[in-house]
Amino acid sequence: MSKPSDKKPPPLWRLDGLQALLAAGSLLNAIAFFAAMPFASFYLASRTSLSEVAIGAVVGSIALIASVGGVVGGMLVDRFGTVPMMVLGLSAYVGIYTGLTVVDGAPAIVSLLLGLGVARLFVEPGGKKLMSLAADEDGRIFRVRYMVLCFGGIVGPAIGGVLYSISAVAFFAVPALFYTGYLLLILARRKRLAALEGGAEDGGPRFPLRAALRDRLLLAATAAGLVIFFVFSQFESMIPLYMAGEWGEDAVRYFAGLFIANAVLALLLQVPIVWLSRKVQPNLMVVIGCVGFALSFLCFYAAATEGLFLLYLGIVFWTVGEGVLLPLPDIAVHEIARDDRKGTYFGVAEIRYLGFFAGPFVGGLLLGSDAIYFVVMALSIFVSAPLLMSRRKTAASNRRKEVSVGADA
């Protein structure tokens, strides 16, 4: 029996050529997304006569289409190849944002905005599949992806906020340019990216959805992601409303400070989180993430009576929970999915974004009773723990079986 390797794992930021390319593509994607989508409600309100309910339905439907339709997109990625499907999705993004620079009237604007959800069907499962195929065994590239999303969440709104006040043409042209850059990256390295898949597409069923839906590990990872997003959605939905009730007009200023602190800490804490994850058991990391979220809710609740300091202490705990837990569902899918099924598996995992719908709805029902709301949310995150804890052990067992089968062949 060979001894386990004592080779020191590479730093989080050290990526090979394809990993760096995919991380750069994710950065372009994140900046483009955050430069436009946070302002979609404002744009619809100013350019159409839609009611607030209708505007909310349109904006929510973009994510809903991407979430539920991700299953279809993932299957198509596995069947027809990741690169062709990503080229299709990125081309659609470029066309849609270009169209938004010139169209007028509610039907055209709404149709194009909903098309963004359709484009995402191919880009998200495809991008994650390529990352998984290019990843090291520990899946650290998905933590890099999380950091990239955080950076995009800082830069994108800053760009969009400036351009929104200038003109619709400038506002929508920037996402179109960023997606064009992402498309050109994929096209420039399409042969190397396609080589990652090899002949995997011919080794399994044409559309492996049935196998995916019977995979209990995948369903557990998806359910864990849904729970995490259910809790995570509170920060941008219910927490601001709670703060408005406690601090009135000052709440906007306080929340802006929390939002910035969260974004900066999310980038700074990921390196020590990765270092810690290499020192302790994976299950303990899951517990640390859950405890971080739980303590943050307790701090937010106590801040109303004990002082603003607890708001900022709470955001530290929140960012620890976020930094530990948010990448784990993608890492879990990376570990359990066969190469020829990664598109479908990541597509099924997109269903977890339904947590962004359920979270604000349930939070809104509970917020009237502050103590109950914060206790329920603090405890809810622990539902994700048993769903995540067994993933590494089972995935490792599956890999040993595959190696054994290969050796006997």
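A salt bridge is a side-chain nitrogen of Lys or Arg within 4 Å of a carboxyl oxygen of Asp or Glu. By this rule, twelve salt bridges are counted in the present model, which is predicted.

**First stop: Lys128 and Glu350.** Select these two residues; they form a salt bridge whose closest N and O atoms are 2.9 Å apart. Lys128 belongs to helix α5 (residues 106–134), whereas Glu350 sits in the loop between α16 (342–349) and α17 (355–366), so the pair ties together parts that are 222 residues apart in sequence. Lys128 is buried, with a relative accessible area of 1%, and Glu350 is likewise buried at 1%.

**Second stop: Asp330 and Arg352.** Next, select this pair, joined by a salt bridge at 2.9 Å, N to O. Asp330 lies in helix α15 (residues 328–336) and Arg352 in the loop between α16 and α17, 22 residues apart. Both residues are buried.

Now extend the selection to Arg120, Glu124 and Arg145: together with Lys128, Asp330, Glu350 and Arg352, these residues are linked in a network of salt bridges.

Asp250 is partly exposed, at 34% relative accessible area, while Arg253 is exposed at 53%.

**Last stop: the largest cavity.** The structure holds two cavities of 30 Å³ or more. To locate the largest, select Ala36, Met37, Ala40, Tyr43, Leu113 and Phe172, which line it. About 40 Å³ of space lies within this cavity. Its lining has six nonpolar residues, with no polar and no charged ones.

Notes:
Residues are numbered from 1 along each chain as its sequence is written. This is a predicted model: local features need pLDDT of at least 70, side-chain atom pairs count only at pLDDT 80 or more; totals for chains, interfaces and linings use all residues. Side-chain values use heavy atoms; hydrogens and water are left out. On a 1 Å grid over the protein atoms alone, a cavity is a set of points where a 1.4 Å probe fits but cannot get out, and a pocket is an open set with protein on both sides within 12 Å along at least five of seven lines; lining residues have an atom within 4 Å of a point. Grid points are joined across faces, edges and corners, and a volume is the space filled by probe spheres set on the points. Ala, Val, Leu, Ile, Met, Phe, Trp, Tyr, Cys and Pro count as nonpolar, Asp, Glu, Lys and Arg as charged, and the others, Gly among them, as polar. Helices (H or I, at least four residues) and strands (E, at least two) are DSSP runs, numbered from the N terminus. Buried means under 20% relative accessible area, exposed over 50%, partly exposed in between (1.4 Å probe, protein chains only).
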